[in-house]
Structure formats: structure tokens, C-alpha cells
Amino acid sequence: MTTTETTEQPVKKQFIASAVCPACEAMDTIRMWTVDGTQYRDCIRCGFADSLNEFGQSVPLELPTRVNQDKPKVKKAAKPMQFFPNPKLKKQDDE
Ligand SMILES: [Zn+2]
């Protein structure tokens with residue numbers, strides 16, 4: 001039995017009637033499909049694409065390049081050693 005064809009089903013993209021693209025505001029250009037329970041949609045006109053997370057919120061699809069890897073790290077400038085007034089040391093110095 002060869003059931004290789006059933007393992008990967010082609011994604012069915014359905015046009016959403018009267019849906020308006022949030023990017024180019026065109027109507028009837030939005031397609032929607034589901035992959036692994038996640039809803040995706042894209043616009044055939046401008047190429048806008050996003051997905052809906054488990055909360056039904058729009059998650060823009062971005063190239064997984066910088067966003068996931070290069071988190072804006074707050075670079076802490078390597079401070080030169082700071083000497084706080086230390087009474088104990090001061091005292092030792094005085095003695
Ligand atoms: Zn669009």
C-alpha cells in the first residue's frame with residue numbers, strides 16, 4: 001500500500017467573501033486556510049499575509065530572520081568599575 005499521497009494534503013485556500021484586506025483594503029482578495037489548526041490568510045493583491053493565533057488575534061507573517069533571532073537587546077554599556085563611597089574602606093585608608 002502506498003499512502004504517501006495522503007500524508008501531505010495540498011492546502012485548500014478559500015476566498016473569504018467580502019473580506020477586506022487590512023493592508024490594501026481591497027475586497028474579495030483574502031484567502032484563508034488552515035494548517036495544523038492555525039488559520040492563515042493572505043491577500044492575492046498586495047501579498048499581505050498573516051495568521052491568527054490561538055486567541056484569534058492577527059499575527060503578521062514576517063520573514064523569520066531578524067525578528068526571532070535578533071531581539072533588541074539593550075546593550076548595557078560596560079561601565080568602568082565604579083567605586084562607591086565605602087565607609088569601611090575609607091576608614092582603612094584613613095588609618
Ligand atoms: Zn491586500
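User: Hey, which residues does Gln39 touch, not counting residues up to four places away in sequence?
Analyst: In this predicted model, Gln39 touches Met32, Trp33 and Thr34, along with Asp50, Ser51 and Leu52.

User: Nice. Where is Gln39 found, in which strand?
Analyst: Gln39 sits in strand 3, which covers residues 38–43.

User: Switching to the metal: what are the protein donors of the zinc ion?
Analyst: The SG atoms of Cys21, Cys24, Cys43 and Cys46, lying 2.3 Å from the zinc ion. Along the chain, the donors follow the spacing C-x2-C-x18-C-x2-C.

User: What's the geometry of that site?
Analyst: The zinc site is tetrahedral, with angles of 107 to 112° among the four donor atoms.

User: Are those cysteines buried or exposed, say Cys21 and Cys43?
Analyst: Cys21 is buried because its relative accessibility is 0%. Cys43 is buried too, at 3%.

User: And what about Cys24, how does that one count?
Analyst: Cys24 counts as partly exposed, because its relative accessibility is 25% and the buried class stops under 20%.

User: Last one: how many disulfides turn up in the whole structure?
Analyst: Zero, from a search of the whole structure.

Notes
Residues numbered from 1 in each chain as written. Predicted model: local features only at pLDDT ≥ 70, side-chain atom pairs only at ≥ 80, totals over all residues. Heavy atoms only, no water. Donors = N, O, S within 2.8 Å, 3.2 Å for Na, K, Ca; no water. Tetrahedral: all angles 85-135°; square planar, octahedral: opposite > 155°, others 65-115°. Buried < 20%, exposed > 50% of the residue type's maximum accessible area, 1.4 Å probe, protein only. Helix = DSSP H or I, 4+ residues; strand = E, 2+ residues; numbered from the N terminus. Contact = heavy atoms within 4.5 Å. Disulfide = S-S within 2.5 Å.
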